[in-house]
Amino acid sequence: NDWEKAVHLLCFGVQSKMELDTIIFNAAISACEKCGESDRALQLFGVMAQTGVELDAITFNAAISACGKGAQWEKAWQLLNVMDYSRIELDTISCNAAISACARCCEWAKALHLFNTMADSDVDINTISFSTTISACEKGGKWDVALQLFNAMAGKKELNTTTFNATMSACEKGGEWEKALELFAQRTVPYNAITLHAAISAC
């Protein structure tokens, strides 16, 4: 219930007409985000905008991350647009969080668009960027796109079990059992029950 305490203290400050700054609001939004309280985090974001408290990259990242955990991809997308309109530079954290929100809602095309936007905007693409986008493609039944991303990642970033599992699962669901088993045979990371499930399902 730490998020409730954080919000309570913030409300106390507002009611007491204290001069609250960006750092205080960011801390409260982050507390809500960490506890999965996406709606509350977005409410606090709205209060900041309404009261004229400066919004910074940390504010947006925390709010977008909350949307990711709450599977609210449309709101995450809107926040990215507001962030860009406000001339706050997009970064890896905000983009990854928005991709995660899209992945949770099976919006693979949106996730891929954000991934490509990162590349076009020279935003650093890390292992999480690749893995989350591959997961979005897996949930959307786009095994070919998932495999393309996997191959691109293999030459640039360190592969992990989550990436292997998502790509194998995408191939299995797409009826590409040979490719799924080929990935299993070529794996360079430890496997787990999910990996085995994807391999067995492909047979």
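Of the 203 residues in the protein chain, 45% are buried, where buried means under 20% relative accessible area, exposed over 50% and partly exposed in between, computed with a 1.4 Å probe on protein chains only. Before selecting anything, note that this is a predicted model, in which local features need pLDDT of at least 70 and side-chain atom pairs count only at pLDDT 80 or more, whereas totals for chains, interfaces and linings use all residues. Residues are numbered from 1 along each chain as its sequence is written, and side-chain values use heavy atoms, with hydrogens and water left out.

**The whole chain**

The C-alpha trace spans about 65 × 35 × 25 Å along its principal axes. Contact means heavy atoms within 4.5 Å, and among contacts between residues at least 6 apart in sequence, 58% join residues at least 24 apart.

Switch to a surface next: the accessible surface comes to about 10,800 Å², with 52% of that area belonging to carbon and sulfur atoms, as computed by the Shrake-Rupley method with a 1.4 Å probe, only the protein chains shown counting as cover for residues. Colouring by charge picks out 16 positive and 24 negative side chains, and the centres of the two sets lie 3 Å apart. In that count Lys and Arg are positive and Asp and Glu negative, while His and the chain ends are not counted; each charge is placed at NZ of Lys, CZ of Arg, CG of Asp or CD of Glu.

**The nonpolar core**

Now select Ile64 and Leu79, which touch the most other members of the 62-residue largest nonpolar core. The largest share of this core, 7 residues, comes from helix α6, residues 92–104. A nonpolar core is a set of buried Ala, Val, Leu, Ile, Met, Phe, Trp, Tyr and Cys residues joined through side-chain atoms within 4.5 Å. In soluble globular proteins, nonpolar side chains tend to be buried together.

Keep Ile64 selected and show its surroundings: leaving out residues up to four places away in sequence, Ile64 touches Ala76, Leu79, Leu80, Met83, Ser94, Ala97 and Ala98. From that list, move to Ala97, which lies in helix α6 and is buried, with a relative accessible area of 9%. Beyond its neighbours within four places in sequence, Ala97 is in contact with Ile64, Ser65 and Gly68. For a sense of distance, draw a line from Ala97 to Tyr191, 94 residues apart along the chain, whose C-alpha atoms are separated by 26 Å.

**Helix α11 and its surroundings**

Select residues 177–186, helix α11, and find Ala180, Leu183 and Phe184, which are buried. Seen down the axis of α11, these buried residues fall within an arc of 100°, so they line one face of the helix; the arc is that of the directions from the helix axis to the C-beta atoms. On the other side of α11, Glu178 and Ala185 are exposed.

Within α10, residues 161–173, select Ser169, which counts as buried at 14% relative accessibility. Not counting residues up to four places away in sequence, Ser169 touches Glu138 and Ala198. Then turn to His197 in helix α12, which counts as exposed at 54% relative accessibility. His197 and Phe150 are 47 residues apart in sequence and 19 Å apart in space, C-alpha to C-alpha.

**Two loops and a surface residue**

Select Arg87 in the loop between α5 (73–85) and α6; its phi is near 60°, a positive value in a residue other than glycine, and Arg87 is exposed, with a relative accessible area of 80%. Go on to Asp122, in the loop between α7 (108–120) and α8 (127–139), where phi is also near 60° and the residue is exposed, with a relative accessible area of 73%.

Finish at Gln50 in helix α3, residues 38–51, which counts as exposed at 71% relative accessibility. The C-alpha atoms of Gln50 and Gly141, 91 residues apart along the chain, are separated by 41 Å.

Key
Helices (H or I, at least four residues) and strands (E, at least two) are DSSP runs, numbered from the N terminus.
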